[in-house]
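Hi there,

Here is the structure I promised to pass on to you. Have a look at it first, and then read on for my notes.

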Amino acid sequence: MERLVRNSRVISFPIVVSGPSGVGKTTLCHGLIQKDSKLAFSISATTRQARSTEEHGKDYFFISKEEFERMKANTEFAEWAPVHGELYGTPKTWLDGQLAQGISILLDIDVQGGVRIMDVYPEAVSIFVVPPSFRVLEERLRNRKSETEKAVRQRLKNALEEMEYITRYSYIVANDVVNEAVAKMEHIVRSERYKRERILKGITWKEYLGVEGKGV
Ligand code: 5GP
């Protein structure tokens, strides 16, 4: 009888979560992290002002335009994009370090950045979060009360443009009831971990199962 040793493989991937502003991506990402110890949240750098509820180093790294430009020039971002008139970027070293340790990373980023990550990391999983209806999205943006009327209108206009990118994403999750939407994302991530192309990436099933020699 030959020894069968299951090869312990690192299976991790970036998980791009995009969707129109106000749809609840951030809430869903944080809900998902609570349920899965092999997940972490990517903290972006941004030039926008912190909202009263936000903390530097927890929600975002709030940095100056000069600092952002310096990081950009040093290729410190896995992707970056201008969104709603401000700059946003994903720090690359942390992302790659976590992936190498087997932690999958949730990226709450806009569609431009999402597409860029999918190009650079073909193994990425992509989820597009949609509201139950456009009317609901408008209500949510207004209820958030963190933006001026002008900014709300700008975000709604952008939302229509962002929706056009939906065809680049693999999964669609409607955010009606938060817990249910989180559960849907949990299913997606768990199923992705069992994909044959991830498990047998660069190895044969024999290597995976530790089969030595010709037969059992
Ligand atoms: P907010 O200012 O409301 O937190 O975010 C505005 C938009 O910027 C959201 O769609 C959010 O997903 C996106 N965003 C946040 N961080 C990043 C990032 O690092 N890169 C890109 N491309 N978009 C981001």
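Below is what I found, going from the whole chain to single residues.

Please keep in mind that this is a predicted model. The protein chain has 216 residues, of which 44% count as buried. Nine helices and nine strands make up its secondary structure elements. Taken along the principal axes, the box filled by the C-alpha atoms is roughly 70 × 40 × 30 Å. As for the contacts with a separation of 6 or more, 70% of them are between residues 24 or more positions apart.

The largest pocket has a volume of about 860 Å³. Its lining is made of 35 residues, and the ones closest to the centre are T26, R51, Y60, D108 and R144. Two or more lining residues come from each of helix 1 (25-35), strand 5 (77-83), strand 6 (86-91), helix 5 (134-144) and helix 6 (149-163). Which of the elements gives the most to this lining? That is helix 1, with four residues. By residue type, the lining divides into nine nonpolar, 14 polar and twelve charged residues.

One residue I looked at in more detail is E54, in the loop between strand 3 (44-46) and strand 4 (60-62). Is E54 buried or exposed? Its relative accessibility is 17%, and the cut-off for buried is under 20%, so E54 counts as buried. The side chain of E54 has a polar contact of 2.9 Å with the side chain of R48. A polar atom of the E54 side chain also lies 2.8 Å from the backbone nitrogen of R51, and R51 is one of the residues closest to the centre of the largest pocket. If neighbours within four places in sequence are left aside, the contacts of E54 are R48, Q49, D59, Y60 and F62.

Y60 and F62 turn up again among the aromatic residues, where ring pairs link them with Y88 into a cluster. The structure holds five aromatic pairs. In one of them, the ring centres of F68 and W80 are 6.4 Å apart and the planes stand at 75°, so this pair is edge-to-face. F68 sits in helix 2 (residues 65-73) and W80 in strand 5, so the pair links distant parts of the chain, twelve residues apart.

Finally, a word on the backbone. Most residues other than glycine have a negative phi. T75 has a phi near 50°, a positive value in a residue other than glycine. This residue is in the loop between helix 2 and strand 5, and T75 is exposed, with a relative accessible area of 63%. H84 is not a glycine either, and has a positive phi of about 50°. The place of H84 is the loop between strand 5 and strand 6, and at 27% relative accessibility H84 counts as partly exposed.

Happy browsing, and do write back with any questions.

Best wishes

Terms used: Residues numbered from 1 in each chain as written. Predicted model: local features only at pLDDT ≥ 70, side-chain atom pairs only at ≥ 80, totals over all residues. Heavy atoms only, no water. Buried < 20%, exposed > 50% of the residue type's maximum accessible area, 1.4 Å probe, protein only. Polar contact = N/O pair within 3.5 Å; in protein donor to acceptor, adjacent residues only side chain to side chain. Contact = heavy atoms within 4.5 Å. 1 Å grid on protein atoms, 1.4 Å probe; cavity = no way out; pocket = protein on both sides within 12 Å on 5 of 7 lines; lining within 4 Å. Points joined across faces, edges and corners; volume = space filled by probe spheres on them. Nonpolar A, V, L, I, M, F, W, Y, C, P; charged D, E, K, R; others polar. Phe/Tyr/Trp six-rings, centres within 6.5 Å; stacked < 30°, edge-to-face > 60°.
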